[in-house]
Amino acid sequence: MFRNKLVAAFCAVVTLPAPAFATDSTQMISTLERFNDGSGAQQLAIKLAGLVEKADWPGLNALSKQIQDEDGPLLSELAGVGELGEAEHRKIALAMRPCQTANVLIRAIAIAIGDGRFQPIVRGGTVMIDGTEVDSNFAKHMWTCEVLGQLPHKTSIGSKCLMTGACKDDPDL
């Protein structure tokens, strides 16, 4: 199931301290509601792309630390969701809407760039992370979030291949 794979991919990207307490799927779904904000995901993606384009490593590190400080506990819990068992994992994966998924993925991308696990590259004004599809997954969920929220398409992270058919810019697809 695609969403289960997406949550598993997120869990592989995010390496934060183990959660201080275990949450059940109902609590996690409720807590994730705050990530159902398309314009917030857009703003974070625009900020991240700007820092990458300028090669502002201190800024990228600061953004990564800020995200970890503000969202680290929730992201840690989400990364540990596999420990809740397959049924709970599936409930969370299926409950996540496109804006929530985009928000989680952009935070994971920012943390991984900030701590040096991802080396972004800019191609034709689009920030990409070679060797992974997390950037394209973010782009797909952000695109869907923008469509559903009637937001303009403003982000420049990840290939828009799946949405536009223009795939020559992304070696991972």
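Q: Which helix gives the most residues to the lining of the largest pocket?
A: In this predicted model, the largest pocket holds about 230 Å³ of space. Helix 3, helix 4 (57–79) and helix 6 (98–114) are the elements that each give two or more residues to its lining. The one that gives the most, with five residues, is helix 4.

Q: Which residues lie closest to the centre of the largest pocket?
A: Let's stay with that pocket of about 230 Å³. There are 14 residues lining the largest pocket, and those closest to its centre are Gly40, Leu44, Gln66, Glu70 and Arg107.

Q: How many charged residues are in the lining of the largest pocket?
A: The lining can be split by class. Four of its residues are nonpolar and four are polar. The charged residues in the lining number six.

Q: Is helix 3 roughly parallel or roughly antiparallel to helix 4?
A: The axes of helix 3 and helix 4 come within 9 Å and cross at roughly 150 degrees. Angles over 145 degrees count as roughly antiparallel. Helix 3 is therefore, relative to helix 4, roughly antiparallel.

Q: How many nonpolar residues does the contact of helix 3 with helix 4 have?
A: Helix 3 brings Leu44, Lys47, Leu48, Leu51 and Val52 to this contact, and helix 4 brings Gly59, Leu60, Leu63, Gln66 and Ile67. Two of the contact residues are polar and one is charged. The nonpolar residues number seven.

Q: Why is helix 3 oblique to helix 7?
A: Here we look at helix 3 (residues 38–53) and helix 7 (residues 134–148), whose axes come within 10 Å. Angles over 145 degrees would count as roughly antiparallel, and 65 to 115 as roughly perpendicular. Helix 3 is oblique to helix 7 because their axes cross at roughly 140 degrees.

Q: Is the crossing of helix 3 and helix 7 left-handed or right-handed, and which residues of helix 7 make the contact?
A: The crossing of these two helices is left-handed. On the helix 3 side, the contact is made by Gly38, Ala41, Gln42 and Ala45. Across both helices, the contact residues divide into five nonpolar, two polar and one charged. On the helix 7 side, they are Phe138, Met142, Cys145 and Glu146.

Q: Which residues of helix 4 make the contact with helix 2?
A: The axes of helix 2 (residues 25–32) and helix 4 come within 11 Å and cross at roughly 140 degrees, which means that helix 2 is oblique to helix 4. The crossing is left-handed. Helix 2 makes the contact through Met28, Thr31 and Leu32, and helix 4 through Leu74, Glu77 and Leu78.

Definitions and conventions: Residues are numbered from 1 along each chain as its sequence is written. This is a predicted model: local features need pLDDT of at least 70, side-chain atom pairs count only at pLDDT 80 or more; totals for chains, interfaces and linings use all residues. Side-chain values use heavy atoms; hydrogens and water are left out. Axes are lines fitted to C-alpha atoms, for helices over the stretch in contact, and angles run from 0 to 180 degrees between N-to-C directions. Helices (H or I, at least four residues) and strands (E, at least two) are DSSP runs, numbered from the N terminus. Angles under 35 degrees count as roughly parallel, over 145 as roughly antiparallel, 65 to 115 as roughly perpendicular and the rest as oblique. A crossing is left-handed if the near helix is turned anticlockwise from the far one by less than a right angle, and right-handed if clockwise. Contact means heavy atoms within 4.5 Å. Ala, Val, Leu, Ile, Met, Phe, Trp, Tyr, Cys and Pro count as nonpolar, Asp, Glu, Lys and Arg as charged, and the others, Gly among them, as polar. On a 1 Å grid over the protein atoms alone, a cavity is a set of points where a 1.4 Å probe fits but cannot get out, and a pocket is an open set with protein on both sides within 12 Å along at least five of seven lines; lining residues have an atom within 4 Å of a point. Grid points are joined across faces, edges and corners, and a volume is the space filled by probe spheres set on the points.
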